[in-house]
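The following exercises concern a two-chain model and are to be worked with the sequence and coordinates at hand. Each task is followed by a solution in steps.

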Amino acid sequence: MYKLLLCWRYLRTRWIALASIISVTLGVATMIVVNSVMAGFSHEMQTRIHGILSDLVFESHSLSGFQDPQWHMDEIRRAAGGDIVGMTPTVAVPAMLNFQVRGQWVTRQIMFIGIDEATHAQVSDFGRYLQHPGNRTQLSFDLREGGYDTVDSQSETTTPTRPALEGAGWQHRRMRVERERVWREKLEADRRASEAALPVAAGGSAGPARSIDQQVDAVLAATTGDEPPVASPAADAAAATRADPFRQARPEEGTRMDPAKEQFTGIVPGIGLASFRDSSGIDRFLVLPGDDVKVTFPTAGTPPKAVSDSFTIVDYYESKMSEYDSNFVFVPLATLQRMRGMIDPQTGLASVNSIQIKLRDGADLDVVRDKLRKVFPADLYAVATWRDKQGPLLAAVDMEMSVLNILLFLIIAVAGFGILAIFFMIVVEKTRDIGILKSLGAGASGIAGIFLGYGLFLGLVGAGAGLALGLAIAWNINSIRVGVEWLTGQRVFDPSIYYFHRIPSIVDPFTVAWIIVGAVGIAVASSVLPALRAAGLHPVEALRHD
Amino acid sequence: MTEVATDILRVRNLRKSYQSGDTRLEVLRGVDFDLAAGEFVSVVGQSGSGKSTLLHLMGLLDAADSGEVVLAGTRIAGLPASRRDRLRNTCVGMVFQSYHLLPELDALENVMAPLMVRHGIFEWLSVRSAVRARACELLDRFGLGGRLHHRPRQLSGGEMQRVAIARALVTQPQVLLADEPTGNLDEATGAGILDTLCELNRADGLSIVLVTHDAAVARRADRIVRLAAGRVDETCPAAERKAG
Ligand SMILES: Nc1ncnc2c1ncn2[C@@H]1O[C@H](COP(=O)(O)OP(=O)(O)OP(=O)(O)O)[C@@H](O)[C@H]1O
Ligand SMILES: [Mg+2]
């Protein structure tokens, strides 16, 4: 009984010991905050990766892919049985995206992904990441009139950070066409005027007057070796479609489409490809939905050749994973298959190079993956879960977290040495009292118990305070961030870097419990030596001590 | 062997030496000493003659080199530490020159401390009120009824010593070992403490060993034992017994 009472009295009268546990408090608070924020980031990242990738990805090793996705899907369903909820075939090829900004051509390296607009949203969160509310419910590769979100639909802010999207869509397209027409007429007038003035020089100035679009078409056509598209009115329509992948994409070729009323095949590029966020958090767009771009990609032939075509941006894709947002461009699957020549002219069967599979909730991804691996030969097909696909990234995050935890735990361990030193001091200071207690019949274990209990108390108080502080910070991290930014005038968390508008934070009770147990454990462990020393004191010598 | 039953404390041929560096200091060289139940004995001797050492050995605070101590019929040599702690807690009450109260506890808690040591926390909850009543009664008897919740540093030397005596008595020990209890006190206060001890001896039949180097103090006891050269000096007869 005296142990408790004395512990309590020592705790109340020895404030110096409390100073030693401030570092425990700070260590615990820091660990909780860091773990919560890291868990938040990690969770955010995982849900995003998972939202982008389906549960399982079934793909061929070669870019030309495999034929007859329907047969493959039936086989997959047969192998994996009831675990499958949805499947969608996709084609992904590396490609080059070109677009014009103020007369300059911008080139981006991309992953060009053909998706089935009807079923793609079934296997992933793809739909959620689009900027038009209509496309979020059902994706359409037809350009919308307008109504794109100016507020980031995935953040909780209500301030419009994308004012430019206000005018996007057909309205933008018509305005642009009109502007171009006016500009072209002005150029034409200038040319005619200069021709009239200098008839001798007319031949030389004809070249530059060609529109840049036409020039690029010509250059691209020259490099790919394809004929520049020309009208072939009498040809068999089906045969022509297979032979010339450009036919379907540009049905009006030769008749000269009216860009104010028609669009090219719609594509959905990642938002990072054509926009940037300025320091005030406003997204600036280089091209808008309604603008046309060019994409160059390899055909499925042997050897693959590069082909190029025009597309119209119909929406932007924003998964908030910059790796994807600055890399992915989505296009209708059928169009891409046609353009790449992935449709067998004899059988009419199309090829795809991967099938995205969604499993029912709670299904074990690894088990299904292994089942599929057994059925499909590994030298032809690769089956991977979304975790496998992002293994290195997730492993890196885990690793980062463990290293941080070790470092932070060292802080608490340092606090442990502080406790050790202060406890030794207290033991020395209390030597006579220890002698008194021994003269009253207290045993060695009882004396040790006082100091161990004292350490436990201190650990609990320190960890408890750290818990309260840590949770308070973790739960209010965004208000704290705003406060700090207001105080210092510095941006603590720059949304243009992270693509998040707020700092994510998840408090995992299990982790918190471990931190508390660890901190209390260290406090107790560092009181062991002083406690043993106190227990081992000789009663008579202790009594003589002053 | 019949005398064992009446002797609360029996010390036979007790030896104790201290080693400091390469010199060996023999403090006790075969002390024989008996304390009958209800007896009040003072131990006198020069400073450094080993009085305190003897008292510590009898109070189980230290281990002798050889010889035996029999406390309340139990030979203490070779007892396991836990038994020794228990015996010290139940059979012996000790009072020291410099009071040795715990500064963090108030007077009442100091008096209750030996019983807190004896009982575990759950036991304590059940005996707490009885112990408290007993401690209050003792303090009351020593005239400290109004100072129950004063810390040692708020008490005078005499008051602290009376708290210490109350603490020694709260366990109802068979023997009280007092090491110069009046050493730090002025004459009048010291006399008061001595009166208290004599009163306890007479009224409650408490066996007391009182260490002192003050002849006047020693004379208050039934018997005086003189320590000299590490032994009991038999030249001092037990003639100074006071008439009860
Ligand atoms: N731990 C020790 N190491 C070495 N010598 C010691 C130790 N403890 C006591 N002594 C020596 O033993 C001798 C007896 O000491 P003790 O305290 O018993 O004397 P005392 O009779 O009580 O004296 P006083 O009347 O001054 O209290 C002294 O000479 C002392 O120096
Ligand atoms: Mg002494």
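**Exercise 1. The surroundings of B:E104**

Task: In this predicted model, determine which residues B:E104 touches, leaving aside those up to four places away in sequence.

Solution. 
Step 1. From chain A, the residues touched by B:E104 are A:R9, A:Y10, A:T13, A:R14, A:K430 and A:D433. From chain B, B:R151 is touched as well.
Step 2. Locate the residue in its own chain: B:E104 lies in the loop between β6 (92-95) and α4 of chain B.
Step 3. Classify its exposure. The relative accessible area of B:E104 is 5%. Since buried means under 20%, B:E104 is buried.
Step 4. Examine the side chain. B:E104 and A:K430 form a salt bridge through their side chains, with an N to O distance of 2.8 Å.

**Exercise 2. The interface of chain B and chain A**

Task: Describe the extent of the interface between chain B and chain A, its polar links and the make-up of the chain B side.

Solution. 
Step 1. Count the residues: 26 of chain B are in contact with 27 of chain A.
Step 2. Consider the area. The size of an interface is often given as the accessible area lost when the parts come together. Here about 2300 Å² is buried between the two chains, and 63% of this is on carbon and sulfur atoms.
Step 3. Find the leading contributors on chain B. B:H100, B:E104 and B:V117 account for 27% of the area that chain B buries against chain A, more than any other three residues.
Step 4. Count the links. Between chain B and chain A there are 5 residue pairs in polar contact, with both residues at pLDDT 80 or more. The rule finds 1 salt bridge across the interface.
Step 5. Assign elements. On the side of chain B that touches chain A, two or more residues come from each of α3 (81-91), α4 (107-118) and α5 (121-141) of chain B. Of the elements, α4(B) gives the most, with 5 residues.
Step 6. Sort by class: this side of chain B has 13 nonpolar, 6 polar and 7 charged residues.

**Exercise 3. An enclosed strand in chain A**

Task: Explain why strand β5 (residues 265-269) of chain A is described as largely enclosed, and identify its partners.

Solution. 
Step 1. Check burial. Because 5 of the 5 residues of β5(A) are buried, the strand is largely enclosed by the rest of the structure.
Step 2. Separate the directions. In a regular strand the side chains alternate between the two faces of the sheet. A:T265, A:I267 and A:P269 point one way, A:G266 and A:V268 point the other way, and all are buried.
Step 3. Identify the parallel partner. Over 3 bridges, β5(A) pairs in the parallel sense with β9 (residues 306-313) of chain A, where A:F311 stands opposite A:T265.
Step 4. Identify the antiparallel partner. β10 (residues 328-332) of chain A is joined to β5(A) by 2 bridges, and A:F330 in β10(A) stands opposite A:V268.
Step 5. Chain A holds 22 helices and 13 strands, and 49% of its 546 residues count as buried.

Conventions:
Residues are numbered from 1 along each chain as its sequence is written. Chains are lettered from A and ligands numbered from 1 in the order in which they are written. This is a predicted model: local features need pLDDT of at least 70, side-chain atom pairs count only at pLDDT 80 or more; totals for chains, interfaces and linings use all residues. Side-chain values use heavy atoms; hydrogens and water are left out. Contact means heavy atoms within 4.5 Å. Buried area is the accessible area (1.4 Å probe) that two parts lose on being put together, summed over both. A salt bridge is a side-chain nitrogen of Lys or Arg within 4 Å of a carboxyl oxygen of Asp or Glu. A polar contact is a pair of N or O atoms within 3.5 Å; within protein, one must be able to donate a hydrogen and the other to accept it, and residues adjacent in sequence count only if both atoms are side-chain atoms. Helices (H or I, at least four residues) and strands (E, at least two) are DSSP runs, numbered from the N terminus. Ala, Val, Leu, Ile, Met, Phe, Trp, Tyr, Cys and Pro count as nonpolar, Asp, Glu, Lys and Arg as charged, and the others, Gly among them, as polar. Buried means under 20% relative accessible area, exposed over 50%, partly exposed in between (1.4 Å probe, protein chains only). Two strands pair if DSSP finds at least two bridges between them.
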